[in-house]
Amino acid sequence: MLEKAIEVWSAILNKRATTQFDRGDLSFIIVAGAMVSFMIPGLAFLYSGLARRKSALSLIWAVTASNAVCIFQWYFWGYSLAFSPSATNGFIGNLANFGLINVLDNPSPGSPLIPDLLYAFYQMEFACVTVGILMGGIAERGRVLPAMIFTFLWMTLVYCPLACWPWNINGWGFKYGVLDYAGGGPVEIGSGVGGLAYAWVLGRRQEKELLNFRPHNVSMVNLGTFMLWFGWLGFNGGSAFGANLRAVMAVWNTMIAAAFGGIVWCLLDYRLERKYTMVGFCSGTIAGLVAATPASGFIHPWAAVITGVISGTLCNYATKVKGLLRVDDALDLFAEHAVGGIVGLLMNAFFASQTIIALDGVNTSIPGGWIDHHWKQLYIQVAYICATCSYTFVVTALIAKGINAIPGLHLRISPEGEALGLDEVEIGEFANDYIEVRRDFMAWSALGEQQGTDGIGAAGDRHGQPDLAQQDKMHRMHLEEPDASITDEEKSAELPHTEVSL
């Protein structure tokens, strides 16, 4: 009996020893995929902190629910439409792997280092993060049910083609020689430009909702940023699809670009406001992470410094674009993700190095960029950027307008609901349990009176900097001309006295 058991165990061990996949690589990608999934609550906390208190929970809900919708879509036909190797049209896959049929232990279409089933899981987490970013487009005025239907259709008609182009072995971008390491096109441009298109169709918030807009909880902004940073290490490190030096290089480049992006953004804000803003530092960090996404597995660490500085600068100034376009991109999806992704893709044209690419031991024949004297890589990257931006904006806008035209599925909440907040109207719960003394910030004054809002301008960007100069001017006017109708007894009731003993 003992001898038979030993023979069985020996056969099992021999089979494990002869498997074509290294178990260290498998373990590494499983953990990296789990780290990427941790970015979902990070996004939820980031968006919630950036929003007003009355709509904070709705964004957590939207990110959470879109994650579930994306998982279903990816299992149903998303993976097949993006990565089925038998499709040859170069634009989108087919349904050969519908419902994960025949997705098991064959070498994956992305790398021979891991099996197809693990690759499908890892890429699913990429898709979940992408639609989570996209949900920022509904901020403070978008209904959540139509947004979930939009998520399924957007994944099918926009994300799957975008993922097919650079990563499917038969995609036109892959054959053209596009360098997109971890998703500058599908993830960053897809979510950034897609969010801009959705916000454009949704329309601007009411003007009174734009007055002195500021994040309601900066601590949650910081928490969400660091959760994203942690997950991003799995996002970029895992895109080497193995525990190898290329993965380590990608992690290093991710850290460097994020650090320099945060420093540069914070300094740019200090130049104007003389304040070291926490939201600014977090915004710059995310800009650096975004730019590192398409580039971290292609470039040297010194190029990551340049990437972080450029992304922090350009993304900061890009927050003003929505004002020029008059599109209410409340959470700056375009400025952070689209512009950051474009920066990273362009960095590949200049700084991609064949020696870095070959560190995984698999991609040993891929040419680099200009530092390798591969001059045509620039127009390859530019063509890819133009294709992804234009396709994403047009198709996203068409999907949103189509859903909005269906009775009962209008994208936007009513003006009354917008004033009350999405948490109360759509969710029925709140991110914070509190006693409401004044619904609007501008209702406060030192005398307990409601100030008017004439002359107060909108803050204009995600930093939510209050217009303190104008506010102080109006406050002085109230102090100089007190309301004669307020009696001393009423003032005493509104402003409790504190007795001081000398």
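Cys 386 is a case in point, being in no disulfide, with the nearest cysteine sulfur, that of Cys 389, 7.0 Å away. Cys 386 is also partly exposed, at a relative accessible area of 47%. Cys 315, by contrast, sits at 0% relative accessibility and counts as buried. For these labels, buried means under 20% relative accessible area, exposed means over 50%, and partly exposed is in between, using a 1.4 Å probe and protein chains only.

A word on the source: this is a predicted model, in which local features need pLDDT of at least 70 and side-chain atom pairs count only at pLDDT 80 or more, while totals for chains, interfaces and linings use all residues. Residues are numbered from 1 along each chain as its sequence is written, and side-chain values use heavy atoms, with hydrogens and water left out.

As for the overall build, the protein has 20 helices and 0 strands; helices (H or I, at least four residues) and strands (E, at least two) are DSSP runs, numbered from the N terminus. Of its 502 residues, 54% count as buried. The protein exposes about 21,800 Å², and carbon and sulfur atoms supply 65% of that, with areas from the Shrake-Rupley method with a 1.4 Å probe, where only the protein chains shown count as cover for residues. Among contacts (heavy atoms within 4.5 Å) between residues at least 6 apart in sequence, 77% join residues at least 24 apart.

The largest nonpolar core holds 115 residues, and those with the most contacts inside it are Tyr 47, Trp 74, Phe 126, Tyr 159 and Phe 235. Such a core is a set of buried Ala, Val, Leu, Ile, Met, Phe, Trp, Tyr and Cys residues joined through side-chain atoms within 4.5 Å. Beyond its neighbours within four places in sequence, Trp 74 is in contact with residues including Tyr 79, Phe 83, Met 124, Met 155 and Tyr 159. A second, separate core of 9 residues includes Ile 380, Tyr 384, Ile 385 and Cys 389.

The 15 residues of α2 (residues 23–37) should span 21 Å at 1.5 Å a residue, and the end C-alpha atoms are 21 Å apart, which agrees; the expected span is 1.5 Å times one less than the number of residues. Asp 22 caps the N-terminal end of α2, with a side-chain oxygen 2.8 Å from the backbone nitrogen of Gly 24. The buried residues of α2, among them Leu 26, Ile 29 and Met 35, pack against α3 (39–50), α5 (116–134) and α9 (218–237). In α3, 10 of the 12 residues are buried, so this helix is largely enclosed by the rest of the structure. Tyr 47 is one of those buried in α3, and the cover over the helix's buried residues includes α2, α4 (56–83), α5, α9, α11 (278–295) and α14 (333–351).

Finally, Ser 191 belongs to helix α8 (residues 184–202) and counts as buried at 0% relative accessibility. A polar atom of the Ser 191 side chain lies 3.2 Å from the backbone oxygen of Glu 188. Not counting residues up to four places away in sequence, Ser 191 touches Thr 130, Ile 133, Leu 134, Trp 154, Pro 186, Leu 333 and His 337.

Technical notes:
Polar contact = N/O pair within 3.5 Å; in protein donor to acceptor, adjacent residues only side chain to side chain. Disulfide = S-S within 2.5 Å.
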